[in-house]
Structures are given as C-alpha cells and as structure tokens.
Amino acid sequence: MKITIVQGAFFPVPPLLGGAVEKMWYGLAKEFVNQGHEVNYISKSYEGYSNAENEGGINHVRVGGYKVPSSGIVLKILDLFYTLKAVRKISNSTDIIVSNTFWLPILLSEKQKRKCMIDVARMPKGQMRFYTNNGRLRANSSPVAKAIKNEIKSEYFDKVVMIPNTLPFRNTKAVDFSKKENIILYTGRIHPEKGLDILIQSFSSLKTNHWQLLIVGPYSTETGGGGKAYLDELKQLAGNSNVRFLEPVFDIDKLNEIYFKSSVFVYPSVAEQGETFGVSPLEAMSWGCATVVSNLDCFKDFLIHNKNGLCFDHRKEDRVQILNQYLKDLIEDPKLLNDLAKEGMKVNETHSNEKLAVEFLNEFEAMKIQ
C-alpha cells in the first residue's frame, strides 16, 4: 500500500522536540516500511532537515509550519494555513491518508476523504460531525471512542475504531531491578493540568532524604508547558525537599536511560478533557517502573489498579494524602513495587509497534475495499 501520513503544523518529524503523536506515527511509519509498504510523511519543515528526503525508506515531505501559539483560535488559523500547503503534497496515487490536523479531513476531495483515517488523539470538541464523509475515525482510547460517537449519528458508528497508542520504541534491553535507583519520576509537559502540585506535595510529605523526585519535561508555552512563572511556582512549592527539575529530554535513548534507573513513575494528570491516553505511563511501564496514575478513564485501557500499577482518585479532597500513602507503600514494600513493575512490563508486547501496526494495516485494507 501507499500510505501518506500528514502530521501537524507545530512539531517536526523525526520528533526532535517531542510530541506523543509525532513519536507514535514516526514509529508506525518505520514499521509500515518494514512490512513492505510505501510511506510518504508530510510534516513541518525544520532547520537542518531537507524538505524532500528519503530516510530509512520513509519519503519525507516538509512544508512550513509554526511555533505553538498561546491562543487556541490562532492555533486553528495557523493549522489551516499549514494544511492548505500540506494537502497539495498528497499524491493522487496514495491508497491511505492518515490525518493529524484539524482541517485536512475537511479540505480533502471527496475521493480522498474515503481514503482518510482521522487520528483523533484528543477529546473532540464538536468537530466530529464535519468528518463523517471520511473513511475512519480512529480513537486512541475507549473514552475518546465514546466521545466521538456522542457527536455523530449512529449510522456512522461503524467508522469509529479504537486502536490504542503504541510504544514509540521497541524495548529489547533486559531490566535489571537491582540497578534501579531511589527515584520517583514524572516525564511530560510541565503544565497545571498535569497535577504536579499534587505530586510535589505528596512527595514532600514523605520527609525522606533517601528518595528523589525527578520532574522532566518542557515548561515553555511554545512546547505546550505552563510557562516560566508556573515552573517557579512548583519550585517554590517543592522548597527544600529532594525535588529536581530537568530540561526536557527529546532523545528517546537518553529518556529511556532515565526510565531504566527510575523505580516509580507518577502521572498525576487532572485534565478531565485534555488527557486521552498517556504515552508517558506506558513508556515507564515498559522499563519496569511501578506506575501510579490519576483516576482518568483513559488510563484504564492499559493500567489495572493493584495488578500492573496503582490509580489514585485525583478528584477527592484528600488526594495528596492518598497519593502520599501509595508512594509510602511502594517505598516500604519492595515486593509490591517489583510485582507491579514486572506485570506492567507486559505492555512491551500488547502495545508494540509490530502488533499495533498490523491492526492499523488491517483497517487500511478494509477501507480500500469499501
């Protein structure tokens, strides 16, 4: 098959500046090529990378993109300008189009729409009713699939398919639990919706000098963070407790080194509508981190409380105390920590690029014959 992936206007591919969606589709593109398919990848142009090149069998086509604006309205306008350029780069001979922009499913011709799988990686906000002429609406979690169906007529429900996000790498390195360090880790955007104030308060209440909380991720508004002022608030909240803030790590190998040595991973998101999957917890689980997440429905597709991780109720008034107790339990009970970590590592199989690429390819084949 000839597959065209159209990425968004704000992050480059390869995912040099991060981006969970970019990381996932870049990994899938490689796997599609490995399985004998032709991939054309349209993305934002970036300094040091050619606007037309072949990399590992992937045909890259890059067009001018933008930095992430602070205004949601401006973001949609810039997305439109970018998509108007990107749509012209789609070959008429392509069999499948994967859309990761707001406007592409609307701007495509009617013939192209039938070939198009729309990647719905965030909670929809009313736009799904405009997309029903397209071939598929792919949800990355059960809550997103439900939200899509709430916006469209039942006659289009058969176009909605749930395929989970993949791990953006293949973890072939054995995890030596004896080399794990006393590190509690968070990786992701440093933004108020991520609940980092809950995590810092919970950790500070442990009153331990033997463990460290490591917070790794972008804080600038251009990279989706809450800005320098918010970062300073968190540092003030941390006070003299053993909390370290590191600059974002976009190199996947270097990020995996951090996962490898961390014992516990916490993702305390409070984004009721913004969180749709959570790739960071999946990555951490794959590297043998005992993982704790908030009580958002999107995590329940892959994390089962007390089986392969822990889930705390972020909606309760005593949420800081609840998370604090979970951290104590993991620190004081090595068996619990290791049992959860080892069970969590099964995501290396259930969410591998190899396995889920087949699910996408099967869906693409079904689209071609309809």
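Reader: Which residue in β2 does Thr-4 stand opposite?
Author: Thr-4 stands opposite Asn-40 in β2. Please keep in mind that this is a predicted model.

Reader: In what sense do β1 and β2 pair, and over how many bridges?
Author: The pairing of β1 with strand β2, which covers residues 38-44, is parallel and runs over five bridges.

Reader: And how many of the five residues of β1 are buried?
Author: Four of them are, so β1 is largely enclosed by the rest of the structure.

Reader: Is Phe-10 buried or exposed?
Author: Phe-10 counts as buried, because its relative accessibility is 12% and the cut-off for buried is under 20%.

Reader: Which residues is Phe-10 in contact with, leaving aside neighbours within four places in sequence?
Author: Its contacts include Tyr-66, Val-68, Pro-69, Leu-75 and Leu-78. Lys-44, Lys-67 and Asp-79 also belong to that list.

Reader: How far apart are Phe-10 and Glu-257?
Author: In sequence, 247 residues separate Phe-10 and Glu-257. In space, the distance from C-alpha to C-alpha is 27 Å.

Reader: Now a lysine: which helix holds Lys-23?
Author: Lys-23 is found in helix α1, which spans residues 20-34.

Reader: Why is Lys-23 classed as buried?
Author: Lys-23 is classed this way because its relative accessible area is 18%, and buried means under 20%.

Reader: What does Lys-23 touch, not counting residues up to four places away in sequence?
Author: Lys-23 touches Pro-15, Pro-168, Ile-252, Leu-255 and Glu-283.

Reader: Let us turn to the whole protein. How many helices and strands does it have?
Author: The protein has 13 helices and 14 strands. Of its 370 residues, 55% are buried.

Reader: What about contacts between residues at least 6 apart in sequence: what share joins residues at least 24 apart?
Author: That share is 65%.

Reader: How does the radius of gyration fit a compact globule?
Author: The protein has a radius of gyration of 21 Å, which agrees with the value near 21 Å for a compact globule of 370 residues. Along the principal axes, the C-alpha atoms fill a box of roughly 60 × 45 × 40 Å.

Reader: One last topic: how far apart are the mean positions of the positive and negative charges?
Author: The mean positions of the 46 positive and 42 negative charges are 4 Å apart.

Note on methods. Residues numbered from 1 in each chain as written. Predicted model: local features only at pLDDT ≥ 70, side-chain atom pairs only at ≥ 80, totals over all residues. Heavy atoms only, no water. Helix = DSSP H or I, 4+ residues; strand = E, 2+ residues; numbered from the N terminus. Rg over C-alpha atoms; globule rule 2.2 N^0.38 Å. Buried < 20%, exposed > 50% of the residue type's maximum accessible area, 1.4 Å probe, protein only. Contact = heavy atoms within 4.5 Å. Lys, Arg positive; Asp, Glu negative; His and termini not counted. Charge placed at Lys NZ, Arg CZ, Asp CG, Glu CD. Pairing = 2+ DSSP bridges.
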